[in-house]
Amino acid sequence: MLSPGMLCAEDIGRGLEVRRIGRRITVLSETESTNDVALADDGGEDGLAVFAEYQTRGRGRLGRRWSSPRGASVLCSVRLLDCPRTAQSSFGPAVLTLAAGVAVCDAAASAAPDLSPTLRWPNDVVVNGKKLAGVLIESCWRPGGRACAIGIGVNCLQQRGHFERDLGGLATSLEAESRHPICRLTVARRLLVELDRWLADPPDLTALRQAWLDRAEPLGQHIHVRQGGDDFLGTTVDLDPTAGLIVQLDGGGRRAFDPATTTLLGSTHIGRTGP
Ligand code: BT5
């Protein structure tokens with residue numbers, strides 16, 4: 001039995017001190033993808049948070065799948081309206097990815113205080129080297145402007161055998177890693193509070209950059225990334241909250257990799273000595 005209780009909109013919203021994110025909350029027992037609900041033409045107001053207990057077609061980035069047994073995760077999408085057009089603006093996809101990552105780390109740690117989740121660029125939250133959560137930013141034109149969905153999946157109650165075999169030991173959950181009993185309601189509520197904090201208008205990009213770096217694997221990694229069918233090798237040197245990860249390429253020159261279109265294929269920490 002994975003879900004001791006269904007998430008309920010009233011419980012998530014009770015006494016929540018938010019200005020924008022989560023002013024309205026919907027919990028669905030099943031849907032194709034919460035991102036689709038958040039992006040729908042008639043999807044409601046800015047800041048709406050959509051949760052689902054089960055997704056029949058949950059998705060990751062670049063056509064990949066996101067899978068979770070019923071009632072095991074916090075699966076959430078937040079609807080933002082009037083999103084700017086360009087990646088380089090304050091609410092572009094890079095900023096939304098960073099804000100969501102920081103919010104997930106803190107929400108996960110609030111439910112499992114013995115864990116220190118870390119951020120792995122571009123969009124993973126990791127515990128003990130395994131993926132705990134992922135972030136998917138999508139947007140589309142709607143009558144009256146551009147809508148964005150910040151989609152977040154956090155593995156909460158899964159036991160090791162609940163992950164599909166193709167995840168090959170690469171995924172984990174709060175339950176699998178923590179000694180504490182895990183409360184999905186705590187994760188859901190804290191997630192909205194932290195998103196609301198980081199998505200204030202205008203966002204504090206300096207603080208967001210620092211918060212992301214504080215929770216991330218250190219800069220100075222040698223990485224292998226793929227973007228638009230091309231592979232790049234280089235060393236991470238900085239994070240620009242609007243443009244993405246800045247990499248000193250092995251072949252010369254610096255390049256910014258935006259989180260929406262880049263896949264990390266491998267990384268090693270250059271400064272590490274010994275085993
Ligand atoms: C992501 O993509 O990590 C974004 C995941 C976003 C999921 C949320 S749930 C609410 C909202 N509605 C949606 O339909 N999606 C969002 P990406 O970096 O492309 O990683 C996808 C890869 O993660 C897959 O190819 C699998 O290898 C792996 N994966 C799938 N399910 C997983 C899980 N439950 N835990 C850990 N890894 C998983």
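I began with Ser-68, which counts as buried because its relative accessibility is 11%, under the 20% cut-off for that class. I kept in mind throughout that this is a predicted model.

I then looked up where Ser-68 belongs, and found its place in the loop between β2 (49-52) and β3.

Next I turned to the ligand, which sits in the largest pocket. The elements that give two or more residues to the shell around it are α2 (34-39), β3 (73-81), β6 (130-142) and β7 (145-155).

I asked myself which of the 26 residues around the ligand come nearest. They are Ser-33, Arg-59, Arg-64, Ser-67 and Lys-131.

I went on to the individual atom pairs, and noted that a polar side-chain atom of Ser-33 lies 2.7 Å from an oxygen atom of the ligand, while a polar backbone atom of Arg-61 is 2.9 Å from a ligand oxygen atom. For Ser-67, I found a backbone N or O atom 2.7 Å from a nitrogen atom of the ligand. The ligand has 800 Å² of accessible area on its own, and the protein covers 90% of this.

Last, I checked helix α5 (residues 184-198), whose 15 residues reach 21 Å from the first C-alpha to the last, close to the 21 Å expected at 1.5 Å a residue. I also listed buried residues in α5, among them Val-187, Ala-188, Leu-191, Leu-192, Leu-195 and Trp-198. An α-helix has 3.6 residues a turn, so residues three or four places apart point the same way.

Technical notes
Residues are numbered from 1 along each chain as its sequence is written. This is a predicted model: local features need pLDDT of at least 70, side-chain atom pairs count only at pLDDT 80 or more; totals for chains, interfaces and linings use all residues. Side-chain values use heavy atoms; hydrogens and water are left out. Helices (H or I, at least four residues) and strands (E, at least two) are DSSP runs, numbered from the N terminus. The expected span of a helix is 1.5 Å times one less than its number of residues. Buried means under 20% relative accessible area, exposed over 50%, partly exposed in between (1.4 Å probe, protein chains only). A residue is near a molecule or strand if one of its heavy atoms lies within 4 Å of it. A polar contact is a pair of N or O atoms within 3.5 Å; within protein, one must be able to donate a hydrogen and the other to accept it, and residues adjacent in sequence count only if both atoms are side-chain atoms. Accessible areas come from the Shrake-Rupley method with a 1.4 Å probe; for residues, only the protein chains shown count as cover. On a 1 Å grid over the protein atoms alone, a cavity is a set of points where a 1.4 Å probe fits but cannot get out, and a pocket is an open set with protein on both sides within 12 Å along at least five of seven lines; lining residues have an atom within 4 Å of a point. A molecule sits in a cavity or pocket if more than half of its atoms lie within 2 Å of its grid points.
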